[in-house]
Amino acid sequence: MSVPMLKIGAVLSTMAMVTNWMSQTLPSLVGLNGTVVSPDGTHERIVSGLYPGSDDGWQVYSTASDPDGRCVCTVVAPARNLCKRDPRSRQLRVLTEQVQNVSQSMEVVDLRTSRDLQYVRDSEPLLRGVDGRLHTYVASPRSLTTRGLQELKGQMSHLRPLLSVVEQYRLDLQTLAALRLELLNLSIILTAIQEEVGAYDYEELQQRVLLLETRLHSCMNKLGCGRLTAVSGPITVRASGSRFGSWMTDAMIPSSDSRVWSMDGYYKGRRVLEYRTMGDFTKGQNFVQHLLPHPWAGTGHVVYNGSLYYNKHQSNILVQYHFRSRSVLLQRSLSGAGYNNTFPYSWGGSSDIDLMADETGLWAVYTTIPNAGNIMVSRLDPRTLDVLQSWDTGFPKRSAGEAFMICGTLYVTNSHLAGAKVHFAYHTNTSTYEYTDIPFHNQYSHISMMDYNPRERALYTWNNGHQMDRGQFCVPVYEGREASR
């Protein structure tokens with residue numbers, strides 16, 4: 001066989017070796033044999049082994065109290081998304097990205113190799129012809145004519161790109177050697193992580209948390225509602241939109257609806273973004289848009305049983321918009337309620353009427369001129385928007401930063417800025433009030449929306465363009481009673 005053909009044979013043989021190594025060795029090096037990769041790119045076999053012990057960030061998850069305010073039912077569970085904050089999880093994410101980068105580089109080399117191999121195959125008949133002519137001319141130089149020489153030069157010019165193909169192949173071999181070394185290093189790191197976390201079972205932990213949640217809800221149903229005595233630190237879910245806005249999930253209990261809604265701005269807005277899940281909302285993906293037939297005022301909107309309840313712009317009219325049918329089901333005036341910045345919260349923003357929901361139903365927080373600007377609380381019928389009962393709290397609305405309802409009690413903050421506290425509570429079941437001193441961390445210094453979600457037992461806030469939530473819980477007091485743990 002001639003020297004050119006030997007080179008081509010070497011190329012073919014080496015490319016076959018590379019393809020075989022890629023298909024057989026790569027999966028075993030990165031540990032992907034027989035393992036499913038989850039949609040977000042994390043490695044299920046590894047992630048299923050990650051969870052912290054009691055010293056790695058356990059916190060009070062939720063509680064319930066008796067009518068005297070004593071907590072008798074406490075669940076302790078890991079902090080939300082704790083596994084994502086675990087150093088080993090971060091290391092795995094970095095590892096996953098490196099494996100993906102290596103895999104992409106291998107794909108590029110594989111595609112280029114396939115293209116070059118096809119070119120070599122297409123050039124092989126021409127190369128054989130040139131090789132035969134050269135043998136003929138070497139054996140009988142007199143047979144070389146001017147015309148034959150010109151034809152041979154033309155054929156050789158067609159074969160000249162083979163030189164760049166061979167050079168690219170040489171460079172690809174260097175790339176493959178570097179990638180192979182990188183994969184071996186990743187394999188060592190992966191083995192170390194697997195040995196470290198292999199003793200844990202995250203799925204078992206999830207089942208334990210679900211069992212504890214079931215026991216908690218059973219306890220809460222027996223006890224009823226307690227009092228708010230503390231508010232946990234905030235969790236920034238997302239940073240998006242303008243300085244003012246609102247976001248929410250369905251506050252109906254029970255509800256399996258996992259959608260999240262976002263409404264940016266407080267003045268004449270009409271666009272509502274609906275996300276499929278909280279994860280989609282966090283990433284800003286998989287959403288649909290609702291264009292309301294009437295613009296809104298303020299940020300005091302609430303989603304309850306599949307409908308959005310909001311204050312119509314420049315009016316005291318309440319609107320019920322049904323998401324699934326994309327239509328307005330109901331409009332009703334809230335008699336005497338101020339609007340258009342007549343009686344807003346301290347931050348302004350046309351926040352005259354604040355709609356909210358808790359364990360007991362749908363509420364409106366507002367004020368009227370005859371009421372001298374003091375906060376009124378009215379319980380509403382969600383089917384008709386009729387006022388079922390009203391209470392005069394005696395607290396001036398312009399002095400309130402924001403407000404929220406929990407178990408029929410209105411809680412009011414004394415400011416929308418940094419240093420705010422839950423300062424005032426009005427209990428509708430006894431028509432009594434009290435002043436409180438509950439610290440409330442205002443991380444981004446300007447809250448324009450605050451709502452309690454009874455299904456999640458968490459406060460949702462819009463804080464200077466940041467969407468945040470925080471769990472609410474009471475201080476555990478056991479006094480010899482059984483604590484679910």
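Before the details, some ground rules. The model is predicted, so local features need pLDDT of at least 70 and side-chain atom pairs count only at pLDDT 80 or more, while totals for chains, interfaces and linings use all residues. Residues are numbered from 1 along each chain as its sequence is written, and side-chain values use heavy atoms, with hydrogens and water left out.

I will start with the strands. Helices (H or I, at least four residues) and strands (E, at least two) are DSSP runs, numbered from the N terminus. Two strands pair if DSSP finds at least two bridges between them.

A general point while we are on sheets. In a regular strand the side chains alternate between the two faces of the sheet.

Another open sheet of 4 strands has the order β17-β18-β19-β20, and here too the pairing is antiparallel. At its edges are β17 (403–406) and β20 (432–439), each pairing on one side only. The average twist from one strand to the next is 25°. Strand β19, residues 421–427, is joined to β20 by 6 bridges, and the two run antiparallel. In that pairing, Val-422 stands opposite Ile-438 of β20.

Next, a hairpin. Strands β11 (317–322) and β12 (327–333) run antiparallel with 6 bridges between them. There are 4 residues between the two strands, and Arg-326 in the turn has a positive phi of about 55°. His-322 has Ser-327 in β12 as its bridge partner.

How many cavities of 30 Å³ or more does the structure hold? There are 2. A cavity is found on a 1 Å grid over the protein atoms alone, as a set of points where a 1.4 Å probe fits but cannot get out, and lining residues have an atom within 4 Å of a point. Grid points are joined across faces, edges and corners, and the volume is the space filled by probe spheres set on the points.

The largest cavity has a volume of about 90 Å³. Its lining includes Met-248, His-301, Met-356, Asp-451 and Tyr-460. Strands β5 (245–249), β13 and β21 (447–453) each supply at least two lining residues, and β21 gives the most, with 3. By class the lining has 7 nonpolar, 3 polar and 1 charged residues. Here Ala, Val, Leu, Ile, Met, Phe, Trp, Tyr, Cys and Pro count as nonpolar, Asp, Glu, Lys and Arg as charged, and the others, Gly among them, as polar.

The second largest cavity holds about 50 Å³ of space. Among the residues that line it are Tyr-345, Asp-354, Glu-402 and Met-450. Strand β21 supplies the largest share of this lining, 4 residues. The classes are 4 nonpolar, 4 polar and 3 charged.

On to the rings. Rings of Phe, Tyr and Trp (its six-membered ring) pair if their centres lie within 6.5 Å, and planes under 30 degrees apart count as stacked, over 60 as edge-to-face and the rest as tilted. The whole structure has 15 aromatic pairs. One of them is Trp-247 with Phe-281, a stacked pair at 5.1 Å centre to centre and 10° between the planes. Trp-247 sits in strand β5 and Phe-281 in helix α8 (278–283), 34 residues apart, so the pair links distant parts of the chain. Phe-404 and Tyr-411 have ring centres 5.6 Å apart and planes at 25°, so this pair is stacked as well.

Phe-404 counts as buried because its relative accessibility is 0%, and Tyr-411 counts as buried at 3%. Ring pairs also link Trp-247, Tyr-275, Phe-281, Phe-287 and Tyr-460 into a cluster.

Last, Pro-161, which lies in helix α6, residues 161–197. Pro-161 counts as partly exposed because its relative accessibility is 35%. From Val-120, Pro-161 is 41 residues away in sequence and 9.8 Å away in space, C-alpha to C-alpha.

Technical notes: 1 Å grid on protein atoms, 1.4 Å probe; cavity = no way out; pocket = protein on both sides within 12 Å on 5 of 7 lines; lining within 4 Å. Axes fitted to C-alpha atoms, helices over the stretch in contact; angles between N-to-C directions. Buried < 20%, exposed > 50% of the residue type's maximum accessible area, 1.4 Å probe, protein only.
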